[in-house]
Amino acid sequence: MATSLLSEDCSSVDEVNEIFAREKGVLVLRPGDGCCCSLYFTIPSGCYALVTRHGADEDYEGGSAVWPAGLHFPHMPWVGVSHLVTKQSVVLDLPVKGCKTKDNVTVTIDVALVFRIMGDESKGEDPELVRKFVHQVTPRGLEQQLRDAQEESVRGLARSLKHTEVYGVRSGNHDAKVLDNDDDDDDAIDVAQRDEIFQGSSDAKDKADAKRAAQKGIDITETMRANLNKQFVPQGVLIESVAIKDVRLPDDITKQMFEKTMVISQNAQQTMFHANQLQNNRMEQEIETLKQTFQEEREAEISAGAKIANAEQVKLDDAKAQATKAEAIIREETSAKLQNIRAESGLECQRVLDSMNAALVKIDTEARREAAEAEANANLEVQTLLASSELQKERNIAKSQEVIAKAEGKIAPWIEKKNEFDTKQLRLNVFEKLAENQELIISSSTDEGVNLVAMSDAILQAPDSDDNSRGALMAQLALMGQGTSAFIAPGRPK
């Protein structure tokens with residue numbers, strides 16, 4: 001609850017909602033300029049925003065004085081938010097001291113006003129009222145006007161009532177029990193009887209005065225709200241509610257009323273104490289009577305229960321004897337039946353086994369016979385298939401030989417040419433291998449002696465030849481033999 005109305009400066013729009021929530025009396029905030037190079041500005045929700053360009057008011061699109069919440073981009077750095085006005089309802093406490101009542105008693109009446117700043121287009125209000133409030137009315141001016149306006153009404157209200165009636169104008173006393181005057185209703189009669197015990201008796205005049213004071217409090221607060229709205233709605237301020245919170249009387253009068261209330265309370269306490277004593281005595285007597293009655297009923301029930309228990313015990317013993325006898329009979333009958341069942345089951349098991357063995361032998365015989373027949377049929381089928389396949393095989397071989405013979409007859413010249421080509425190819429391969437052999441000796445003579453001499457000479461003239469090697473020795477022997485044979489004439493004895 002605010003005791004005064006203020007307008008303050010803040011560093012940026014980011015702190016606006018926090019300041020409005022913390023400072024209840026702040027109505028207008030003037031945010032700082034922020035960054036001089038910024039091309040945008042933001043407006044928080046929950047407040048009216050006024051924007052200026054070089055200090056002059058700037059209207060939003062459509063000519064509205066109030067700019068909506070959100071990000072506004074792009075705008076030059078000299079365009080920014082100048083004032084932020086709260087949209088929330090504000091409670092202002094305005095106590096009025098030194099009010100004189102009808103009987104010249106000085107009282108203090110504490111009044112609370114609930115108001116808000118107008119300018120919401122969604123509620124059909126003119127946004128220009130926000131600009132009017134900021135530049136013309138101002139929070140301080142509004143506070144002073146509200147104090148002056150409501151103080152006159154409150155003092156007039158106090159002058160029309162006595163100090164014993166002034167408590168009735170408090171807003172918390174306007175309940176249905178004070179304002180309802182239907183004395184014929186049964187509930188109203190019960191309430192009056194209870195009030196005589198807790199609050200003391202009063203005549204019809206006191207009740208009428210209380211009702212008149214409460215009704216006057218309602219009327220005056222509604223009248224004050226209507227009169228204040230006539231004055232402040234054109235200025236952009238809507239009074240939502242007017243409440244008289246408290247009325248404070250002088251200490252001596254308050255003490256007298258307190259003592260009177262204490263006397264009434266003491267009388268009510270004594271009356272309730274005597275009624276409580278009578279009720280406790282009556283309840284104790286009733287409790288004793290109920291205890292005696294319950295004791296007698298309990299003893300009667302115990303006695304009747306013992307008789308019933310004896311009778312039931314006799315019946316239980318008879319039932320046990322009959323059950324024992326029946327159990328013995330049942331056991332004998334059960335034993336005989338079990339023996340018969342065992343004998344019959346043994347015979348039946350034997351018959352089943354015999355039938356099963358006979359069936360198994362029969363099944364085995366039929367299975368063997370069927371297996372032999374199947375095997376014979378299978379062998380016959382196999383022999384037939386083998387003979388048929390062998391015949392087909394011989395036919396296919398004959399046809400293939402016939403086809404091969406025909407083919408060979410057609411390609412015989414080609415095969416002969418192919419064989420000649422292969423022979424020449426082999427001869428060329430042999431010549432190639434001979435050409436690659438470095439140790440090969442070629443001679444143009446057909447004389448074996450000449451060829452032998454040429455080969456021996458080549459062996460002995462080889463650079464890597466060893467005179468003691470086997471090849472060198474054989475070459476030398478061949479040359480010696482060939483030389484010896486030159487001196488021996490043919491037909492001459494050796």
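**Surface patches and salt bridges**

Phe73 counts as exposed, because its relative accessibility is 56%, above the 50% cut-off. Bear in mind that this is a predicted model. Phe73 sits in the loop between strand 6 (70–72) and strand 7 (79–86). Together with Leu39, Tyr40, Leu71, Met76 and Trp78, Phe73 makes a nonpolar surface patch of about 660 Å².

Glu296, Glu297, Glu299 and Glu301 form a negative surface patch, and Glu296 belongs to helix 7 (residues 251–436).

Now the salt bridges. How many does a search of the whole structure find? The count is 22.

In the first, the side chains of Arg22 and Glu18 meet at 3.6 Å, N to O. These two are four residues apart in helix 1 (residues 16–22), so about one helical turn separates them. Arg22 is partly exposed at 48% relative accessible area, while Glu18 is exposed at 53%.

As for the geometry, an α-helix has 3.6 residues a turn, so residues three or four places apart point the same way.

Which parts of the chain does the salt bridge between Asp93 and Lys245 link? The closest N and O atoms of Asp93 and Lys245 are 3.7 Å apart. This pair links distant parts of the chain, with Asp93 in strand 8 (residues 90–100) and Lys245 in strand 10 (residues 237–248), 152 residues apart. Asp93 is buried, because its relative accessibility is 13%, whereas Lys245 is partly exposed at 37%.

Is Arg116 buried or exposed? Arg116 counts as buried, because its relative accessibility is 8%. Arg116 lies in strand 9 (residues 106–117), and its side chain makes a polar contact of 2.6 Å with the side chain of Glu125.

Next, helix 2 (residues 128–137). Its buried residues are Leu129, Val130, Arg131, Phe133, Val134 and Val137. After helix 2 comes Thr138, with a positive phi near 65 degrees.

Last, Tyr167, in the loop between helix 3 (139–159) and helix 4 (176–179). Tyr167 is partly exposed, because its relative accessibility is 21%. Tyr167 and Ile109 are 58 residues apart in sequence, with their C-alpha atoms 9.7 Å apart.

Terms used: Residues are numbered from 1 along each chain as its sequence is written. This is a predicted model: local features need pLDDT of at least 70, side-chain atom pairs count only at pLDDT 80 or more; totals for chains, interfaces and linings use all residues. Side-chain values use heavy atoms; hydrogens and water are left out. Buried means under 20% relative accessible area, exposed over 50%, partly exposed in between (1.4 Å probe, protein chains only). Patches are made of residues with over 30% relative accessible area and no salt bridge: like charges are joined within 9 Å, nonpolar side chains (Val, Leu, Ile, Met, Phe, Trp, Tyr) within 5 Å. Accessible areas come from the Shrake-Rupley method with a 1.4 Å probe; for residues, only the protein chains shown count as cover. A salt bridge is a side-chain nitrogen of Lys or Arg within 4 Å of a carboxyl oxygen of Asp or Glu. Lys and Arg count as positive and Asp and Glu as negative; His and the chain ends are not counted. The place of a charge is taken as NZ of Lys, CZ of Arg, CG of Asp or CD of Glu. A polar contact is a pair of N or O atoms within 3.5 Å; within protein, one must be able to donate a hydrogen and the other to accept it, and residues adjacent in sequence count only if both atoms are side-chain atoms.
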